Amino acid sequence: MTGVVSRPKMSGWRALATGLAAALGMAAPVQAQVHSLAPDAAPAAWVAYAEAATRTVKTWLEEDGSSASSLRLQLHQTRPAPDQPTPPLELKLWIEADGVVSRVEAASPAKETVGADLQSSVQGRRLAPPPPGMLQPLRLAVQLEP
């Protein structure tokens, strides 16, 4: 990747995978069982939605805002070598019926490092409404290319 260290090239994001999993519903008790579903077992509409959501989230993370730029810088510093991509950033998104991302989390160990910047870059933003019955959270992974 070329450019200033504090602002890695914005076209470097790559979607690695999309997956679907269940999350607790708004009224579900805390002890509710969480289910997951592999992308190849998901309905085609769910997979298409996950792919579109991944592209949109990538766009949000490529923006010039301070949170997205800070997130990219933090991930840039995790590269094993300058010519290697960053480790995948695994995300979980909870999406309301109207498409608003009500919650976003990064998987550990990135959770503590990128949490605030990820929240500012993604939470509260609007995707297309999810297909009826789609399990949540929506799981996806992105990484920064060299």
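1. Helices here are DSSP runs of at least four residues, numbered from the N terminus. In this predicted model, helix H1 covers residues 44-61, and Glu 51 lies within that helix.

2. Glu 51 counts as partly exposed because its relative accessibility is 39%, a value that falls between the 20% limit for buried and the 50% limit for exposed. Its C-alpha lies 8.9 Å from that of Leu 140, although 89 residues separate Glu 51 and Leu 140 in sequence.

3. Helix H2 (residues 66-76) is largely enclosed by the rest of the structure, because 8 of its 11 residues are buried. These buried residues are Ser 67, Ala 68, Ser 69, Leu 71, Arg 72, Gln 74, Leu 75 and His 76.

4. The largest nonpolar core has 25 residues, and the members that touch the most others are Leu 91, Leu 93, Leu 118, Val 122, Leu 127 and Leu 138. At least two residues of this core come from each of H1, H2, strand S3 (89-95), strand S4 (101-106), helix H3 (110-122) and strand S5 (138-144). The greatest contribution is that of H1, with 7 residues.

5. Apart from neighbours within four places in sequence, Leu 127 is in contact with Tyr 49, Ala 53, Thr 56, Trp 60, Leu 93, Ile 95, Asp 98, Gly 99 and Val 101.

6. On aromatic rings, a search of the whole structure gives 0 aromatic pairs.

How values were computed: Residues are numbered from 1 along each chain as its sequence is written. This is a predicted model: local features need pLDDT of at least 70, side-chain atom pairs count only at pLDDT 80 or more; totals for chains, interfaces and linings use all residues. Side-chain values use heavy atoms; hydrogens and water are left out. Buried means under 20% relative accessible area, exposed over 50%, partly exposed in between (1.4 Å probe, protein chains only). Rings of Phe, Tyr and Trp (its six-membered ring) pair if their centres lie within 6.5 Å; planes under 30 degrees apart count as stacked, over 60 as edge-to-face and the rest as tilted. A nonpolar core is a set of buried Ala, Val, Leu, Ile, Met, Phe, Trp, Tyr and Cys residues joined through side-chain atoms within 4.5 Å. Contact means heavy atoms within 4.5 Å.
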